[in-house]
Amino acid sequence: NNLFLNSCLPTRATIDSRLLSMVLDMGLKRLELAAFVFLLALCGATCERIKRPEIPQQITWFYANDLDIGASFLGDVVGLNEVPNLLQKKECRIFHSTSNHFCAVCNTRAAPNCTVGGPEEKDNPGKSTYTMVVSSKQEVDDWHTYLVQANSTRVRVTEPGHSSTYGCYAFNFYDKDTTNGLGCYRWEVQYFSDPAWPQIHLA
């Protein structure tokens, strides 16, 4: 019966088929049957959700008051490769961080303002952390060396350290330009020593 099958769209009620057969034998009209099925659903008939679609790619968006300055931090300082020839390049520039994950900087809205207290200020409206997860403690140290050498006038880098609370070894780094660049965001390179963390599988 289509009325029964569609009674729990987009999911379908798992009502005992024998009970439904009994109701149909009672000769109830379609409207009465619909009301009966609805009441059964309200009284606890379960619905099976459809399968969640896959997420093949992901983009994290950041905002800078100067698009080129923000993009230069991702490209020249962090060393990410930009996706070329995008239609939106006058408003957003997008960079590969991994094969299927991207970082993007846009000028389509005002960047967060943290010029008074800096990126770690409690009330910084852009206070968030973008974490790059690597597969070993040595890789954290390698990234630290790379960023320290990258451009000392543009990036501030903290010392690596281990956290027993979070089961990780990591450091933070920051764009020094809090006015026009990405300086109100916190960036992190991290290795999980927690054995429960999923292993990294490189393609």
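Predicted model: local features only at pLDDT ≥ 70, side-chain atom pairs only at ≥ 80, totals over all residues.
1. A term to begin with: helices here are DSSP runs of H or I with at least four residues, numbered from the N terminus.

2. Let's start with the overall picture. The protein chain has 5 helices and 11 strands. Of its 203 residues, 32% count as buried. Among contacts with a separation of 6 or more, 58% are between residues 24 or more positions apart.

3. Now to helix H5, which covers residues 137-150. Lys137 forms a salt bridge with Asp141, and their closest N and O atoms are 4.0 Å apart. The two residues are 4 apart in helix H5, so about one helical turn separates them. Lys137 counts as partly exposed, at 44% relative accessibility. Asp141 is also partly exposed, with a relative accessible area of 22%.

4. How many salt bridges does the structure hold? The total is 4. As background, side chains of opposite charge can pair when their charged atoms come close. One of the salt bridges is between Glu82 and Arg93, at 2.9 Å from N to O. Glu82 lies in strand E4 and Arg93 in strand E5, so this pair ties together parts that are 11 residues apart in sequence. Glu82 itself is partly exposed, with a relative accessible area of 31%.

5. A further pair deserves a look. Asp175 and Arg154 form a salt bridge, with 2.7 Å between the closest N and O atoms. This pair links distant parts of the chain, 21 residues apart: Asp175 is in strand E10 (residues 168-175), while Arg154 is in the loop between H5 and strand E8 (155-157). Both Asp175 and Arg154 are buried. Elsewhere, salt bridges that share partners join Asp68, Glu82 and Arg93 into one network.

6. Glu188 is buried yet has no salt bridge. Where is the nearest side chain of opposite charge? It belongs to Arg186, 6.6 Å away, and the cut-off for a salt bridge is within 4 Å. Leaving out residues up to four places away in sequence, Glu188 touches Thr129, Tyr130, Thr131 and Met132, and also Ala170, Phe171, Asn172 and Phe173.

7. Asn172 sits in strand E10. Is Asn172 buried or exposed? With a relative accessible area of 18%, Asn172 is buried. Setting aside residues up to four places away in sequence, Asn172 touches Arg156, Val157 and Thr158, together with Arg186, Trp187 and Glu188.

8. Next comes the largest pocket, which holds about 630 Å³ of space. Its lining has 21 residues, and those nearest its centre are Ser97, Thr98, Met132, Val133 and Val134. Which strand and which helix each supply at least two residues of the lining? They are strand E7 (129-133) and helix H5. E7 provides the largest share, 4 residues. By class, the lining has 11 nonpolar, 9 polar and 1 charged residues.

9. Most residues other than glycine have a negative phi. Asn85 is not a glycine, yet has a positive phi of about 65°. Asn85 is found in the loop between strand E4 (81-82) and strand E5 (92-96). With a relative accessible area of 69%, Asn85 is exposed.

10. Finally, consider Ala64, in the loop between strand E3 (58-63) and helix H4 (67-77). Ala64 counts as buried, at 1% relative accessibility. Apart from neighbours within four places in sequence, the residues in contact with Ala64 are Gly70, Val105, Cys106, Asn107, Ala111, Asn180, Gly181 and Leu182.

How values were computed
Residues numbered from 1 in each chain as written. Heavy atoms only, no water. Buried < 20%, exposed > 50% of the residue type's maximum accessible area, 1.4 Å probe, protein only. Lys, Arg positive; Asp, Glu negative; His and termini not counted. Contact = heavy atoms within 4.5 Å. 1 Å grid on protein atoms, 1.4 Å probe; cavity = no way out; pocket = protein on both sides within 12 Å on 5 of 7 lines; lining within 4 Å. Points joined across faces, edges and corners; volume = space filled by probe spheres on them. Nonpolar A, V, L, I, M, F, W, Y, C, P; charged D, E, K, R; others polar.
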